[in-house]
Each structure stands twice: as C-alpha cells, then as structure tokens.
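Please keep the model in view while reading.

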Amino acid sequence: ERLAPVLTLLRRAATMKDCVFEHDYARPQLDWLLPELAGLRKAAVLLAFDARACALQYRTQEAVADLVAIRGIARHMRANSPLLIGWLVACAIEATHVQALGNVLVTAQIGAADLAPLLDEDPATYQKGLLRALRMEEAFGLSAGATLGEGDDPQLAGEVGPGAEWVLPLWRVFLLRDDLRSYRRLMSRCHEIGPKPYAESATAWKE
C-alpha cells in the first residue's frame, strides 16, 4: 500500500513504446555503473510481489496488469540497452515474470479471458537481441582497446588504476596485439553460437 504510487508509475512506464538510458555509448567507459539495471530488476521484483498479493485478494485484473508491466520492463531492456549486460538483465526480468505468473496461477482462479492482456503481447525475440548485443559488445571492446592502445584518452587510462603510466606502455608493446586477437576470436565464436536454437547451442555456451 505504501508503494502504490510507485507501482502505478511502473505500470504506466512499462506500457510506453520506448525508453532511453542516457549513456554516451560512443565513448564506452570501464567504470560505468549503469544504475538502471539494478533499479529495473528491483522494480520487477516489486511488481511480482504485488501480483501475488493481488491474486491472494482475488484482484485478478491488477495481478495481470503487474505481470504485463514486468514483461514491459524486460522488453524495454531487451530493445533499448545495447550492452550484453542489458540483455542478460532482460532475461533475468523475464524469469521473474515467469515465476510471478506461476505464483499467480496457483494462488487465484484465473481464466483465459483474464490472461488476454498477456496473450496479446508479441513473443519475445531474445535471439535477435542477443545478436545485436554481441555486435555492440564487440564494438565497445575494440573501441576501448583502440583507445588504450593509442593512449589518447587520459580518463580511460586513469580508470585502469594506479601505475597506468608505466603498465599501459608495456601492455601496448607486448600484449595488445595478442589480447585483441584473443578477444576477436572469442567474439567470433559467440557470433557463431548466437544464431543457433538454444537446444543446439547450450553445450557450446557452457564451453
């Protein structure tokens, strides 16, 4: 009850077509905190608790509205965060939705008509989002490597930590080429696995 205004805002925000997380993605930073990731996961958990509470009180429409909102948050993360970590958070929020849906279904008598708002949604396209996230992740990694290799960004060098003024020159001479080659080989392998159905790619991902 105390957080009812927050829940109302979350439901409203989740129904919006788009959202923006304002980071300078053209200049990736090693110490980005990305506070929206933790905040939206907490929001999904709050909605999941409310969905169960509503189901216990036979307020099925409100419970389903919470479930729709959780999926809306996952959709926003999947579609609007170009980073791999954003895609992973979208997956975690979707898992919260599945668990909350199970809790609601075993708690209240809900029919197909009650679930119509969920059934009308477009199916999640996580594979497409994964491929985009992998491309962006590779671009960010290569951009950061190039910037460190050229040594023209004091802020980025400062994020490496104490001793950067002597560590980075040694790294550029002896390790940079091998590190970039290994990174590109790893990302190339991810791009090979990504398009495959999960049943065919699970073992490869674990490896």
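## Aromatic pairing

Rings of Phe, Tyr and Trp (its six-membered ring) pair if their centres lie within 6.5 Å. The model is predicted. By this rule, the count is 1 aromatic pair. Trp87 and Tyr126 form that pair. Their ring centres are 6.3 Å apart, and the planes make an angle of 70 degrees. The geometry is edge-to-face, because the angle is over 60 degrees.

The pair links distant parts of the chain. Trp87 belongs to helix H4 (residues 84-107) and Tyr126 to helix H6, 39 residues apart. Trp87 is buried, at 14% relative accessible area. Tyr126 is buried too, at 17% relative accessibility.

## A charge over the ring

The charged end of Arg78 sits over the Tyr126 ring, 4.7 Å from the ring centre.

## Packing of H6 and H9

Helix H6 (residues 126-150) meets helix H9 (residues 176-193): their axes come within 10 Å. They cross at roughly 175 degrees. The two helices are therefore roughly antiparallel.

On the H6 side, the contact residues are Leu134, Arg135, Glu137, Glu138, Gly141, Leu142, Gly145 and Gly149. H9 contributes Leu176, Leu180, Tyr183, Arg184, Met187, Cys190 and His191. By class, this contact has 7 nonpolar, 4 polar and 4 charged residues.

## Tyr58 in its loop

Tyr58 is located in the loop between helix H2 (35-56) and helix H3 (60-80). Its phi is near 60 degrees, a positive value in a residue other than glycine. Is Tyr58 buried or exposed? With 66% relative accessibility, Tyr58 counts as exposed.

Key: Residues are numbered from 1 along each chain as its sequence is written. This is a predicted model: local features need pLDDT of at least 70, side-chain atom pairs count only at pLDDT 80 or more; totals for chains, interfaces and linings use all residues. Side-chain values use heavy atoms; hydrogens and water are left out. Axes are lines fitted to C-alpha atoms, for helices over the stretch in contact, and angles run from 0 to 180 degrees between N-to-C directions. Helices (H or I, at least four residues) and strands (E, at least two) are DSSP runs, numbered from the N terminus. Angles under 35 degrees count as roughly parallel, over 145 as roughly antiparallel, 65 to 115 as roughly perpendicular and the rest as oblique. Contact means heavy atoms within 4.5 Å. Ala, Val, Leu, Ile, Met, Phe, Trp, Tyr, Cys and Pro count as nonpolar, Asp, Glu, Lys and Arg as charged, and the others, Gly among them, as polar. Buried means under 20% relative accessible area, exposed over 50%, partly exposed in between (1.4 Å probe, protein chains only). Rings of Phe, Tyr and Trp (its six-membered ring) pair if their centres lie within 6.5 Å; planes under 30 degrees apart count as stacked, over 60 as edge-to-face and the rest as tilted. A charge sits over a ring if NZ of Lys or CZ of Arg is within 6 Å of the ring centre and within 35 degrees of the ring normal.
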